[in-house]
Amino acid sequence: MKPYSYRIEGGKPLKGDVNISGSKNAVLGVLAASMMIDGECTLENVPDISDVHVMIDLCRLLGARIDVSTAPEGSLVLKIDPRSINTYKATGRAVSKIRASYYLLGALLGRCGKASLSMPGGCNFGQRPIDLHLKAFKAMGASGASPEDVVGGIITLTADPLRGAKVFFDIASVGATINVMLAATKAQGNTTIINAAKEPHIVDVANFLNAMGARIKGAGTDTIKIKGVPVLPGNFSYSIIPDQIEAGTYMIAAAVTGGDVTIHNMIPTHMEPLSTKMREMGYLIEEGDDTIRVARYENTKITGTNIKTSPYPGFPTDLQPQAVVLLCMSKGISKMHENVWQNRFQYIPELTKMGASINIFDRIALIEGIETFKGASVNATDLRAGAALVCAALAANGWTYINHAEKIDRGYENIVQKLNSLGASICRTEDENGFEQDMEA
Ligand code: EPZ
């Protein structure tokens, strides 16, 4: 895809209402799960984002039929029939475009007893091993799951038969939990996952699998039990949950611009780690059944705080860069401790170009509050880093050009339209480094 930029004129408080789209990280697992159905299903509230289109292409390459249409409010509706799948190999170049392609390992093992996959891609924040996935598949009877079995960047697993097993994770991994739930759904016998991840998208994938005919209990707790079933009849409709991280990004964008925004179609309890921190900092956070309003009290000082990312229900790492922008716009010194990923501060030099004052000590960023950001030409180093730069640019004095904005569109449906409807001034431009060009003109 040709790179493009976002041009943002900052300093406009966001005001009004915005709707949250379906969860990226849920739908990617759900799409892989749907490849195991012995029938059809319809998926609703699917976000129209590039990662979803990559996953649809990967499923179609396997032979699955997927009809895509658009609902009146802009989300996608997918009619899926995987009965025409004619291969267990997902080895095309598209596999390396997203991380979630690795869910096809679990789904194809479940469907075909065999799975071949090129090494998955995704955002680069240090090492992203898949040893926990492979160890679990090995415990379930798959051969080919040792590191030395990876040939030419391709993993091929064979299970004859695929058996239920007791799986213990040293780390509560989102991807490994979903992958094992997928394979275990079709395995012979029972599987127990101990120290499972508990993120909202784990629960959504489990609910979808159960709607398919799977027998999964305990999703959302740290022990998940799965009874393998031979047939998954399908023929149902399912609506994807709202995106926790998109909702959090709009909460932060509203806050840093001094705006007053009500965010709709979201699940307020998923936002508690962020809402609690924002209240502590001095923001007004008003919860409804499926809404949150973010605003400032008059004449209240916004103070800094300390945040540590950790698996759900802790503070989500996928809101870490956006939260650093929030901390920059507060009084005093704040601390952000990145506890999930080895190297998720790659965007900080870009924020520094916009006037941020941040020092990094290994996995801790010390943030000194500033009055505001200033416009600059910056690069989105990954998806959430790009979202953080958008938040900073909306608050900044002057114009910001965010290059490689296509990374942002991996995970945010209609971000330009949604922000402009709140009073922002943001547009897409094909010029990379447009900032320098405009400055010369
Ligand atoms: C998922 O990635 C999300 N991606 C990520 O969101 C998110 O940052 C992450 O979970 C944590 O919440 C998708 O859902 C597609 P993990 P995943 O396995 O599954 C270590 C975004 O911005 N680990 O929970 O790859 C790993 O190195 C993206 O939307 C192992 O050591 O994350 C990390 O330190 C970016 N061995 C920790 O566990 C393994 O086999 C958590 O990773 C697997 C993971």
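This is a predicted model: local features need pLDDT of at least 70, side-chain atom pairs count only at pLDDT 80 or more; totals for chains, interfaces and linings use all residues.

User: What volume does the largest cavity have?
Analyst: The largest cavity comes out at about 70 Å³.

User: And which residues line the largest cavity?
Analyst: The lining is made of S23, K24, N25, P200, H201, I241, P242, D243, Q244, I245, H270 and R384. As for helices, α1, α6 and α7 each give at least two residues to this lining.

User: OK, on to the second largest cavity. What's its volume, and which residues line it?
Analyst: The second largest cavity has a volume of about 40 Å³. Its lining consists of T249, Y250, A253, A387, V390, C391, L394, I415 and L419.

User: Which helix gives the most to that lining?
Analyst: That's α11, with four residues in the lining of the second largest cavity. Each of α7, α11 and α12 (415-421) supplies at least two.

User: How many nonpolar, polar and charged residues are in the lining of the second largest cavity?
Analyst: Eight are nonpolar and one is polar, with no charged residues.

User: Let's move to pockets. What volume does the largest pocket have?
Analyst: The largest pocket has a volume of about 1,100 Å³.

User: How many residues line the largest pocket, and which lie nearest its centre?
Analyst: The lining counts 47 residues, and R128, V174, G175, V340 and W341 are the ones nearest the centre. By class, the lining of the largest pocket has 20 nonpolar, 13 polar and 14 charged residues.

User: Which helices supply at least two residues of the lining of the largest pocket?
Analyst: Those are α1 (24-34), α4 (131-139), α5 (174-186), α7 (244-256) and α11 (383-395). The largest share comes from α4, which gives four residues.

User: And which domains does the lining of the largest pocket draw on?
Analyst: At least three residues come from each of domain 1 (5-21 + 242-440) and domain 2 (24-236).

User: Switching topic: what's the strand order in the open sheet of four strands?
Analyst: The order is β4-β5-β3-β14, and the pairing is mixed. At the edges sit β4 (65-70) and β14 (236-239), each pairing on one side only. From one strand to the next, the twist averages 20 degrees.

User: How many bridges join β3 to β14, and do they run parallel or antiparallel?
Analyst: Strand β3 (residues 41-46) and β14 run parallel, joined by four bridges. If you want a spot to look at, T42 stands opposite S237 in β14.

User: Nice. Which strands does helix α6 touch on the sheet?
Analyst: Helix α6 (residues 200-212) packs on the sheet and touches β3 and β14, with its direction making about 170 degrees with that of β14.

User: And where does helix α2 lie?
Analyst: Helix α2 (residues 50-62) lies across β3, β4 and β5 (76-81), and it runs at about 150 degrees to β4.

User: Great, thanks a lot!
Analyst: You're welcome!

Key: Residues are numbered from 1 along each chain as its sequence is written. Side-chain values use heavy atoms; hydrogens and water are left out. On a 1 Å grid over the protein atoms alone, a cavity is a set of points where a 1.4 Å probe fits but cannot get out, and a pocket is an open set with protein on both sides within 12 Å along at least five of seven lines; lining residues have an atom within 4 Å of a point. Grid points are joined across faces, edges and corners, and a volume is the space filled by probe spheres set on the points. Ala, Val, Leu, Ile, Met, Phe, Trp, Tyr, Cys and Pro count as nonpolar, Asp, Glu, Lys and Arg as charged, and the others, Gly among them, as polar. Domain bounds come from an automatic or database domain assignment. Two strands pair if DSSP finds at least two bridges between them. Axes are lines fitted to C-alpha atoms, for helices over the stretch in contact, and angles run from 0 to 180 degrees between N-to-C directions. Contact means heavy atoms within 4.5 Å.
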